Amino acid sequence: MANQKYICIHGHFYQPPRENAWLEVIEIQDSAHPFHDWNERVSAECYAPNTASRILDNAEGAIKNITNNYERISFNFGPTLLSWMEHNDKETYQAILEADQLSMNRFGGHGSAMAQVFNHMILPLANRRDKETQVIWGIRDFEYRFKRKPEGMWLAETAVDTESLEVLAEQGIVFTVLAPRQARSVRRLGEEHWHHVNDQTVDTRKAYWCNLPSGKRIALFFYDGDVSQGVAFNGLLFDGKRFAERLMEGFDANDESPQLVHIATDGETYGHHHRKGDMALAFCLEYIDERSDVNLTNYGQFLELFPPDHEVQINENSSWSCVHGVERWRSNCGCNSGKPGYTQTWRGPLRDALDWLRDSLIEIFEVEGKKLFEDPWAARNEYIRVILKRNDANVRTFLDEFAVIDVDVNKALRLLEMQRHAMLMYTSCGWFFDELSGIETVQVIQYACRAVQLSKQLTDRVLEGEFLNRLEKAPSNDPVYKDGVGVYKKLVIPSKTNLSRVGMHYAVSSIFEEEPENLPLFNYQATNEFFVKKEAGEQKLVIGITRVRSLVTRSEKRFAFAVIYLGKHDLIGNLSLNIELDKFSGMQFRMIDAFEDGRLSDVITIMQTYFGPEKYSIWYLFKEEKRKILDMIARQGLQDLEMSLRRTYNRDYPLVNALSNNDIPIPNAYKTTFEYILNADLIKCFGPDRINIKTLERLATEMKRWSLRIEDPKSVERYAGESIYHELRRVAAERDNVKRLLRLNRLFPILEGFKLEPDVYRSQNLYFEISLENRDKQPGELSKEWLDQFLVLGDNLGVKVEA
């Protein structure tokens with residue numbers, strides 16, 4: 001009998017949407033330091049390494065191969081995560097799409113990628129229309145990226161009810177994956193009696209049909225819970241071989257029918273939660289692939305080869321991450337992430353407030369939607385086409401198909417954006433963790449705030465007051481916030497944006513930009529009708545008229561502005577929507593004349609005369625730009641400080657050296673000064689074009705001699721890792737340059753002396769590629785000295801390549 005044992009590993013790769021609800025970009029997240037934000041950090045630790053993971057020879061630690069793990073597993077990526085990756089980590093994004101294409105060749109035409117409900121909404125707690133839109137948007141997003149129809153779809157938290165399965169089947173989804181405790185009873189096809197099962201007794205090695213009330217059916221796979229738990233939490237990723245063996249132990253030796261041992265975990269397990277987990281996965285896959293008694297597969301292939309001969313009934317309203325069903329997303333059920341003394345009594349009131357808001361927004365959508373669309377709900381289902389590509393031509397095509405003739409484009413897009421945010425506010429992570437003021441929960445309340453704002457722009461109905469009355473019933477564990485209203489006012493409202501704020505942001509930012517027309521404005525665009533900039537030493541003046549346009553709703557406003565910069569962070573700005581052109585011209589002449597004469601107080605008086613008393617300052621900038629400008633201002637001050645400290649360093653270096661040589665304690669003031677200067681010089685050593693090895697060697701000697709510390713080792717490690725990679729690329733391009741290799745090899749003992757461990761993952765992979773290319777060189781083409789130093793570099797990088 002042909003081998004009928006199969007193994008499938010599924011990774012659920014997902015990050016909650018983190019984008020500012022108005023700007024549609026992720027603002028800097030300090031908790032992800034030294035990365036810009038958590039998406040960037042998790043991508044560097046997990047998503048990217050899994051596209052190029054190393055398989056080692058255990059005997060000598062040599063790299064046998066570098067492999068794209070996604071090609072040999074089953075996986076799904078959240079659409080909102082892929083949307084971020086498409087623009088911010090293009091190399092990883094392309095490698096994931098390519099892996100799906102390659103998996104089709106490997107697995108009989110069945111791609112390994114599965115779709116996912118769009119923004120990770122808990123479907124059993126959603127109404128029917130939201131279920132449908134979430135599934136349709138997930139499918140359309142998948143088709144846009146992977147260029148094929150999905151066979152399977154991942155449900156957020158595997159949360160399931162019969163209606164959700166009906167929606168999946170209605171949209172052509174063939175299968176989904178659930179936790180073993182979500183199976184209630186099973187029977188062989190044709191049998192009359194059902195057999196009750198639980199998470200320990202359900203046979204997870206089979207696929208099952210779930211026959212639905214509509215007459216449709218969908219295939220269900222229930223993953224092996226014990227092995228999945230071992231991978232996620234119990235150390236199975238410490239040893240790739242043991243991981244593979246544990247999977248193979250999952251087969252029933254007495255069962256000769258086809259068997260599928262399969263697991264499902266968060267994809268972040270393989271690298272983010274467990275360092276080098278991607279390598280354990282790669283070794284496991286290679287180990288299994290080399291055996292003749294078992295096959296790797298994905299769900300689509302297994303389903304085609306072995307259609308189910310059993311059917312199953314599910315436990316309604318169940319999930320993989322809450323033993324109480326789906327209570328984690330609507331009550332204080334006891335499931336949490338373990339912060340002592342915290343309760344989650346806020347979950348119920350938060351959901352109640354959002355449910356009330358959703359239903360109120362539906363009323364507005366249906367009333368206003370009939371004026372704008374032939375079928376508002378059909379338009380919402382297809383609005384994903386605009387979300388994926390927001391250019392004017394695509395918007396026009398969409399509106400031609402779904403909107404009434406001569407539709408108000410701005411109103412139509414605002415209405416659909418209101419509905420998009422009404423769904424985003426149900427992203428599951430908002431309820432998953434312990435505290436109402438956590439970043440994930442603040443994010444969903446931010447989406448609610450944006451939906452309320454859009455509703456107010458469309459009708460005269462005011463929803464915010466009643467929404468806050470309901471939100472007040474959600475208690476925070478943190479007395480700083482007290483309740484949901486405190487969270488809303490302190491953590492959500494500061495992010496709230498409109499065209500006037502964007503206009504002021506542009507005006508203030510233009511002071512510091514050489515080419516203000518190219519200033520990034522997130523999902524807005526500014527077009528200057530008039531702009532003039534004057535400078536007098538540190539003081540600057542800008543005056544202009546600009547038109548700000550939303551690239552999402554196509555709303556736009558025309559502003560006149562004036563901003564005067566007095567130095568450091570002292571800045572005054574004014575904005576007007578309705579200043580007449582003649583008045584603006586007169587104001588411009590008077591302000592420039594006063595500025596050029598050095599009469600700054602007159603400039604401010606003229607601004608107030610024409611614009612009124614309301615003023616803007618640097619604090620009105622959006623978080624990212626505000627941080628950038630304040631950093632720039634601070635750097636100017638720090639340069640002055642560094643010059644002063646460097647004078648002390650240069651002048652008193654012999655004295656400090658003498659104190660050290662004679663074992664006399666160095667005064668703390670000197671230590672602080674020298675530490676600052678040497679740390680500044682350390683960062684400068686890792687430039688984009690070269691690594692300054694001589695200076696590094698000097699710094700290492702001096703810091704050791706005076707017992708000085710590195711202030712920000714994580715940042716230095718990151719700079720060093722990037723510089724090593726760029727230097728190795730230059731090595732690859734100059735294989736006759738022995739000096740470059742010698743210089744690079746001198747770096748590693750210095751880093752070791754500093755106790756620094758830079759991320760050399762990309763460098764290791766590049767080294768492997770260069771090694772393979774070296775094999776194709778003719779004898780004598782590479783000098784012995786170069787090859788010897790290249791082998792030394794391999795040792796320094798921790799890479800051994802099979803001969």
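Is G612 buried or exposed? G612 is buried, with a relative accessible area of 18%; buried means under 20% relative accessible area, exposed over 50%, and partly exposed in between, with a 1.4 Å probe and protein chains only. The model is predicted: local features need pLDDT of at least 70, side-chain atom pairs count only at pLDDT 80 or more, and totals for chains, interfaces and linings use all residues. Residues are numbered from 1 along each chain as its sequence is written, and side-chain values use heavy atoms, with hydrogens and water left out.

**Single residues**

- G612 sits in the loop between α21 (600–611) and α22 (623–661); helices (H or I, at least four residues) and strands (E, at least two) are DSSP runs, numbered from the N terminus.
- Leaving aside neighbours within four places in sequence, G612 is in contact with N574 and M607, where contact means heavy atoms within 4.5 Å.
- S576 is 36 residues from G612 along the chain, and their C-alpha atoms are separated by 8.7 Å.
- K623 belongs to helix α22 and is partly exposed, with a relative accessible area of 39%.
- Although K623 and E27 are 596 residues apart in sequence, they are 6.8 Å apart in space, C-alpha to C-alpha.
- K623 is in contact with E27 and I28, leaving aside its neighbours within four places in sequence.
- E382 lies in helix α11 (residues 376–382) and is buried, with a relative accessible area of 14%.
- Not counting residues up to four places away in sequence, E382 touches I136, R140, F398 and F402.

**Helix α2**

- Helix α2 (residues 79–88) is largely enclosed by the rest of the structure, because seven of its ten residues are buried.
- Those buried residues of α2 are P79, T80, L81, L82, W84, M85 and E86.
- Their cover includes β1 (5–13), α1 (38–47), β4 (74–77), α3 (90–106), β5 (113–116) and α4 (128–146).

**Helix pairs**

- Helix α13 (residues 392–402) and helix α14 (residues 409–424) have axes that come within 12 Å and cross at roughly 85 degrees; axes are lines fitted to C-alpha atoms, for helices over the stretch in contact, and angles run from 0 to 180 degrees between N-to-C directions.
- That makes α13 roughly perpendicular to α14; angles under 35 degrees count as roughly parallel, over 145 as roughly antiparallel, 65 to 115 as roughly perpendicular and the rest as oblique.
- From α13, V395, R396, F398 and L399 meet V409, A412, L413 and L416 of α14.
- Helix α26 (residues 738–753) packs with helix α28 (residues 784–797) at an angle of about 25 degrees, their axes 9 Å apart, and the two are therefore roughly parallel.
- On the α26 side, V738, L741, L742, L744, N745 and F748 meet E785, W786, Q789, F790, V792, L793, N796 and L797 in α28.

**Nonpolar cores**

- The largest nonpolar core has 144 residues, of which I9, F77, F243, L247, F373 and F467 touch the most other members; a nonpolar core is a set of buried Ala, Val, Leu, Ile, Met, Phe, Trp, Tyr and Cys residues joined through side-chain atoms within 4.5 Å.
- Apart from that core lies another, of 46 residues, among them F674, L682, F748 and F790.
- F373 touches A379, F398, L399, F402, A403, V404, A412, L415 and L416, not counting residues up to four places away in sequence.
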